[in-house]
Amino acid sequence: MNEARLMEFLGKFVSDVGATMAAGGVVIGDKLGLYRALADKPQLPQELADRTGTAPRYVEEWLRGQAAGGYVEYDAATGHYSLSEEQAYALTDPDGPVLGGFQLAIGALKAEPRITEAFRTGKGLGWHEHDDDVFSGCERFFRFGYTANLVSAWLPALDGVEGGLRAGIRVADVGCGHGASTTLMARAFPASAFVGWDYHGASVEQARERAKALGLGDQVEFRVGSAQSFDGGPYDLVTTFDALHDMGDPLGAARQVRGRLTDDGTWMIVEPAAGRSLSENLNPVGRAYYAFSAFLCVPNALSQEGGYALGAQAGEEPVRRLAAEAGFTRFRRVAETPFNIVYEARP
């Protein structure tokens with residue numbers, strides 16, 4: 001045995017186990033408002049506890065761990081803790097990917113006993129069977145990217161779609177979850193009509209409440225229905241955001257999209273960023289997506305009929321093949337970020 005390589009691996013283990021436990025600390029800091037209160041000025045543990053109505057000894061230990069992990073700054077001369085501008089930006093935005101990502105991770109891990117059993121049996125675990133933190137955390141994690149890119153970059157990259165949205169078209173957002181993508185598009189394009197579809201009834205109810213609060217009730221509708229059975233239309237644009245790879249029958253979904261589109265309509269497919277091979281995905285983003293996929297994406301697909309389990313790192317070629325088998329004749333990659341790739345499929 002190579003002792004140096006063993007110590008290197010043990011170092012990785014220590015880093016990972018610390019990060020695993022730190023996820024709980026980040027979720028606590030978010031829920032109790034500790035990051036938001038600390039962003040104002042440097043503080044002693046007692047001060048932060050007083051401002052947030054929390055117990056000083058717990059806050060002190062939390063701050064020490066946060067400082068050790070590089071999530072807060074510590075001044076040894078004064079004993080004060082603080083947030084840098086960058087830390088504050090990442091850790092106080094309720095809609096940012098950092099807080100949502102940790103919430104999603106903690107929520108997913110709550111299913112560990114059932115996922116372990118699924119490894120033994122090969123059976124699935126449906127999205128709707130997970131903890132509520134999975135639904136809320138997933139929305140928060142992806143919403144940041146949608147807010148930054150959907151209206152400003154992704155939709156304009158589609159052939160002729162932005163002009164249609166401004167003039168007024170019918171849009172179906174399939175697998176809409178809490179409706180973050182749907183409402184973002186609706187607010188940007190008030191002349192168009194949107195229908196959000198999701199098989200998870202609780203998420204649809206949440207989406208309806210969000211739309212009502214935003215004053216979009218006359219423009220946006222949310223309905224319960226699967227990607228393989230949603231109806232209405234014909235739609236000029238159908239969107240799927242980080243959903244196709246989760247389905248047990250993505251081909252059935254692709255065929256349903258094709259059947260509900262107008263003859264010159266567009267299917268916008270947003271999927272997790274992935275390379276063409278496993279080797280290209282052996283990186284930090286791939287690691288995170290594979291881990292989430294083993295707990296969420298593959299179990300959900302295996303809980304459904306269809307025989308597919310693409311996983312979060314399927315990449316471009318499987319999506320291209322599904323579109324072609326469903327009757328789409330044009331397919332291209334139109335945009336990408338470190339976390340997502342956007343495809344356009346046309347009849």
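Q: How do you know that helix 6 and helix 8 approach each other, and at what angle do they cross?
A: This is a predicted model. In it, the axes of helix 6 (residues 97-109) and helix 8 (residues 132-157) come within 7 Å. They cross at roughly 150°.

Q: Why are helix 6 and helix 8 called roughly antiparallel?
A: Their axes cross at roughly 150°. Angles over 145 degrees count as roughly antiparallel. Helix 6 and helix 8 therefore get that label. The crossing of the two helices is left-handed.

Q: Which residues of helix 6 and helix 8 meet?
A: From helix 6, they include Pro97, Leu99, Gly100 and Gly101. Gln103, Leu104, Gly107 and Ala108 of helix 6 take part too. Their counterparts in helix 8 are Asp133, Val134, Ser136, Gly137, Cys138, Arg140, Phe141 and Phe144.

Q: How many aromatic pairs does the structure hold?
A: There are 13 aromatic pairs.

Q: What makes the pair of phenylalanine 230 and tyrosine 235 tilted?
A: The ring centres are 6.3 Å apart, and the planes stand at 40°. Centres within 6.5 Å make a pair. Planes under 30 degrees apart would be stacked, and over 60 edge-to-face.

Q: Why is the pair of phenylalanine 331 and tyrosine 343 called stacked?
A: Here the centres are 5.3 Å apart and the planes are at 25°. The cut-off for stacked is under 30 degrees, so this pair qualifies. Phenylalanine 331 and tyrosine 343 are both buried.

Q: What parts does the pair of phenylalanine 331 and tyrosine 343 tie together?
A: Phenylalanine 331 lies in strand 8 (residues 330-336), and tyrosine 343 in strand 9 (residues 340-346). The pair therefore ties together parts that are twelve residues apart in sequence.

Q: How do you know that strand 8 and strand 9 pair?
A: At least two bridges are needed. Six bridges join strand 8 to strand 9. The two strands run antiparallel. A hairpin of three residues joins them. Arginine 333 stands opposite tyrosine 343 in strand 9.

Q: Which way does strand 7 pair with strand 9, parallel or antiparallel?
A: Strand 7 (residues 261-272) pairs with strand 9 in the antiparallel sense, over six bridges.

Q: What makes strand 9 mostly covered?
A: Seven of its seven residues are buried. Asn340, Val342, Glu344 and Arg346 point one way. Ile341, Tyr343 and Ala345 point the other way. In a regular strand, side chains alternate between the two faces of the sheet.

Q: Why is valine 270 called buried?
A: Its relative accessibility is 0%. The limit for buried is under 20%, so valine 270 counts as buried. The residue is found in strand 7.

Q: What does valine 270 touch beyond residues up to four places away in sequence?
A: Its contacts are Trp154, Thr240, Phe241, Asp242, Ala243, Asn340, Ile341 and Val342. Valine 270 and phenylalanine 241 are 29 residues apart in sequence. Their C-alpha atoms are 4.7 Å apart. Phe241 also belongs to a cluster linked by ring pairs, with Phe141, Phe142, Tyr146, Trp154 and Phe339.

Q: What covers the buried residues of helix 14?
A: The cover includes helix 12 (250-260), strand 7, strand 8 and strand 9. The buried residues of helix 14 (residues 316-325) are Glu316, Pro318, Val319, Leu322 and Ala323.

Technical notes
Residues are numbered from 1 along each chain as its sequence is written. This is a predicted model: local features need pLDDT of at least 70, side-chain atom pairs count only at pLDDT 80 or more; totals for chains, interfaces and linings use all residues. Side-chain values use heavy atoms; hydrogens and water are left out. Rings of Phe, Tyr and Trp (its six-membered ring) pair if their centres lie within 6.5 Å; planes under 30 degrees apart count as stacked, over 60 as edge-to-face and the rest as tilted. Helices (H or I, at least four residues) and strands (E, at least two) are DSSP runs, numbered from the N terminus. Buried means under 20% relative accessible area, exposed over 50%, partly exposed in between (1.4 Å probe, protein chains only). Axes are lines fitted to C-alpha atoms, for helices over the stretch in contact, and angles run from 0 to 180 degrees between N-to-C directions. Angles under 35 degrees count as roughly parallel, over 145 as roughly antiparallel, 65 to 115 as roughly perpendicular and the rest as oblique. A crossing is left-handed if the near helix is turned anticlockwise from the far one by less than a right angle, and right-handed if clockwise. Contact means heavy atoms within 4.5 Å.
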